[in-house]
Amino acid sequence: MQALDYLSERPKQHFSQPQQVIEPDQYDYFAEFETTKGRFRVALFAKEAPVTVNSFVFLALNRFYEGIVWHRVIPGFVAQSGDPTGTGTGGPGYRFGLEVVPYLNYDQKGRLGMARTFDPNSNGSQFFITFAPIPHLSQQYSIFGQVVEGMEVVEAITPTEGVAHPARGEARDKIVAVKILAKRKGPTADDR
């Protein structure tokens, strides 16, 4: 597995559209999140959600997510981030449509999904990770990954809602960095 090179030296947070940066037929992709609570890794579903994964990888390679807060964290439901304004209303400057497949649902914790408005064509940069199965989200919000390592880190992100003393402002946990890892598909020299 190799880490992809960043496309920019500093975080960029506005684009008219994402460049094509993934090759889903050649590689499997993973995102390694470094947060103020620790690290976790997500397997990205490039086959099932190629537009969504490409956008996420493009933004991560441009350091878009660095320093962004987890602006909506509800125990038993989701941890949401990806908004550079920290308000839940910001995005990358472009939007794209819903991607769903019948066999991929919010039937387990650790699902990585795209947040959006009521408009199914309003996906941008905001995403969430589920803390439990959330069946009513199935087929309504794109799923583009699954936490495969460090779910305990995700579960430790400080709540912003649904608790007696929610985190506000500077008390919110942040994404420090997102590294994209690629693994070539098929047998490799290591497999022989």
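This is a predicted model: local features need pLDDT of at least 70, side-chain atom pairs count only at pLDDT 80 or more; totals for chains, interfaces and linings use all residues.
Residues are numbered from 1 along each chain as its sequence is written, and side-chain values use heavy atoms, with hydrogens and water left out. Local features need pLDDT of at least 70 and side-chain atom pairs count only at pLDDT 80 or more, while totals for chains, interfaces and linings use all residues.

**Exercise 1.** Determine which residues of the largest nonpolar core touch the most other members, and which element gives the most to this core.

*Solution.* Step 1: a nonpolar core is a set of buried Ala, Val, Leu, Ile, Met, Phe, Trp, Tyr and Cys residues joined through side-chain atoms within 4.5 Å; buried means under 20% relative accessible area with a 1.4 Å probe, protein chains only.
Step 1: the largest core holds 41 residues, and Leu-44, Phe-56 and Tyr-65 touch the most other members.
Step 2: among the elements that give two or more residues to this core are strand S3 (38–44), helix H1 (50–61) and strand S8 (143–149); helices (H or I, at least four residues) and strands (E, at least two) are DSSP runs, numbered from the N terminus.
Step 3: H1 gives the most, with seven residues.
Step 4: Tyr-65 has contacts (heavy atoms within 4.5 Å) that include Phe-56, Phe-127 and Val-178, not counting residues up to four places away in sequence.

**Exercise 2.** Characterise the largest cavity by volume and lining class.

*Solution.* Step 1: on a 1 Å grid over the protein atoms alone, a cavity is a set of points where a 1.4 Å probe fits but cannot get out, and lining residues have an atom within 4 Å of a point.
Step 1: grid points are joined across faces, edges and corners, and a volume is the space filled by probe spheres set on the points; the largest cavity has about 60 Å³.
Step 2: its lining includes Glu-48, Glu-99, Tyr-106 and Gln-139.
Step 3: by class, the lining has seven nonpolar, two polar and two charged residues.

Terms used: Buried means under 20% relative accessible area, exposed over 50%, partly exposed in between (1.4 Å probe, protein chains only). On a 1 Å grid over the protein atoms alone, a cavity is a set of points where a 1.4 Å probe fits but cannot get out, and a pocket is an open set with protein on both sides within 12 Å along at least five of seven lines; lining residues have an atom within 4 Å of a point. Ala, Val, Leu, Ile, Met, Phe, Trp, Tyr, Cys and Pro count as nonpolar, Asp, Glu, Lys and Arg as charged, and the others, Gly among them, as polar.
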